[in-house]
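Please consult the sequence and the structure as you read.

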Amino acid sequence: GDDDEDLSDSEDSVYSGLEDSGSDSEEREEGSHDDDDDEDDDDEDDDIRNTVGNIPMEWYKDFPHIGYDLDGKKIYKPIRNKDELDDFLDKMENPDYWRTVHDKQTESDIVLSDEQVELVKRLQRGQFGDVSFNEYQPSVEFFSNEVMLHPVTNRPADKRSFIPSLTEKEKVSKLVHAIKMGWIKPRRVEDDSRGRYYDLWATEDSSILAQHKMHLPAPKIPLPGHQESYNPPPEYLFTDEERALWEQQDPSDRKLPFVPKKFSSLRQVPAFPRFIHERFERCLDLYLCPRQRKMRVNVNPEDLIPKLPKPKDLQPFPTTQSLVYRGHSGLVRSISVSPSGQWLASGSDDGSVRFWEVCSSRCVKTVQVGGAVKSIAWNPNPSVCLLAVALDSVVLIVSPSLADKQVISASERLLAGQQEEEPSEGAGPVWSETEGEELSQGIRLKIQHPKAVHQVAWHAKGDYLASVMPDHSSNLQVFIHQLSRRRSQNPFRKNKGLVQCVSFHPVRPYFFVATQRSVRIYNLVKQEMTKKLQANSKWISSMAVHPGGDHVICGSYDCRLSWFDLDLSTKPYKMLRHHKKAVRGVAYHRSYPLFASASDDGSVIVCHGTVYNDLLQNPLIVPVKVLRGHVITHDLGVLDVTFHPTQPWIFSSGADATIRLFT
């Protein structure tokens, strides 16, 4: 009973406290609401504080009341019909509008006093609410580093802190007994090593593996150099050219995987964009690291370079420019030396064929043919003196009469052969004899072709002549003409590609046909293809056959020279990439082990190429000399090259309208 009384007393005191505080707030409100509604004046004693607690006030939006006061009576919403317009007018006219706050719990407007406004401002500035509070007052050190005379607590230690517990001893002995009897099984540790990721290289240095002979430690990350610095020395920063080169290079060829940059301070360094990429590459390095040491044979790298003889030991070969043959006004496309080596013939775009004396560079004779000369070839048979000239769609047979009477009469006899009557093929060449001025210049025969002729080549015996008319669409690309019978034949029925050049085998009845990417070798007796050589180049420009007949060289427009060994393989035995630009002409020497290539870079490269009779020994190919002298004109350099038949001399013709002799 006493307790109940006490409780009621305490309740009364609490309520009275609330009432007091409520009436205080009333008074405060009234102090600030001088011009507020008059209903507050009527019931000062009533406490209209809302007792609903901390709940969303939207729950009361459909009811006429807003909550309950302390006596449990409903607090009705004030009759306010303030719309947006009233609010706007209030904002414009009421000077206290800025300090008026709408209280959702009582649905009334409260005007804040100066102290309350000051309190809000202080809290917004992050200061303490109480003005008088000093946040910097000295703290009281209750526990200092000085040992005081009197302890904080002086309780004596418990007995259990220094005597073993008997109850615990009993429990432990029971558990030990149960484990011994097998009633309690100790927890099994789950073996979770399977399926877990682990560091492959964690214990590599201390492990038994490290003592193993074949053990490979993990590859270490290379330490960063000056380039990685955020403020590297200026010589490590890229110039514009180096930057452009770096961007053009393949990522695998770059020396650095990033561009060095300079920042004035470490704060300005941005996040590294290649971070994940670099981590991934590091993981690849670790996981693709070889697990086994390969036993390497220690080879001196210099021993791997083939021991080539010095060019001094391979003489004679042409080294110096001796003579320049000047006289043509257009680029000289083709040159040819007579079998005796005394005369040189040249054909040019200026529409003339000139005959020069080799030793004196004197122009002996000029024949105007009336068109740009594409190719000329001197008959290789020393018992006749004839020259084949290709221009437009005609092949001319010229008798220059630069020999003794016996040779000239033999040439006349060869040209006097009668034309055989054959069923004329519609597209075949037409033979005709010349007369008048052409005859007086030495032009004896004309062979009219259906299309433009690009090259002529003689057979070694001097009676047969091949002409080339490159054309994608037809099989009429190569004709073989017989001079003594004045007949022509097309050896190929099918078009096997764009024919670039042809050549006869020096001894055997073979015929070489070079298309854009390959060289086909045909047996003229059996009338079948015997071999197809794959020149690993995009476009063959020229071809020459070794005097022995077992080797072929091909020059191509992609700067390469391929040497084929016919007994060895259909692929090139050697690829020489000595020229910087397209190779225009190639040639073998008849008696010396020399071959040469001429290119648009204005140079002629002479190489020594020894061919051995022993089939097991590979040919020895050594570049011995680069001959320069021609001036590059309209991006064209040296257009044709040929050797002297007996001396180690070389003739070259260029786009600068000159012919040069190197001896």
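**Sheet and backbone features**

Four strands form an open sheet in the order β27-β28-β29-β30, with antiparallel pairing; strands pair if DSSP finds at least two bridges between them. The model is predicted: local features need pLDDT of at least 70, side-chain atom pairs count only at pLDDT 80 or more, and totals for chains, interfaces and linings use all residues. Residues are numbered from 1 along each chain as its sequence is written, and side-chain values use heavy atoms, with hydrogens and water left out.

- Eight bridges link β29 (residues 603-610) to β30 in the antiparallel sense.
- H608 lies opposite V622 in β30.
- Strands (E, at least two residues) and helices (H or I, at least four residues) are DSSP runs, numbered from the N terminus.

**Backbone geometry in loops**

- Q315 and P316 are joined by a cis peptide bond with omega of about 5°, and P316 belongs to the loop between α9 (301-304) and β5 (321-326).
- D392, although not a glycine, has a positive phi of about 50°; D392 sits in the loop between β11 (387-391) and β12 (394-398).
- Q527, also not a glycine, has a positive phi of about 55° and is placed in the loop between β21 (518-523) and β22 (528-534).

**Accessibility**

- D392 is partly exposed, with a relative accessible area of 42%.
- Q527 counts as exposed at 70% relative accessibility.
- Exposed means over 50% relative accessible area, buried under 20%, and partly exposed in between (1.4 Å probe, protein chains only).
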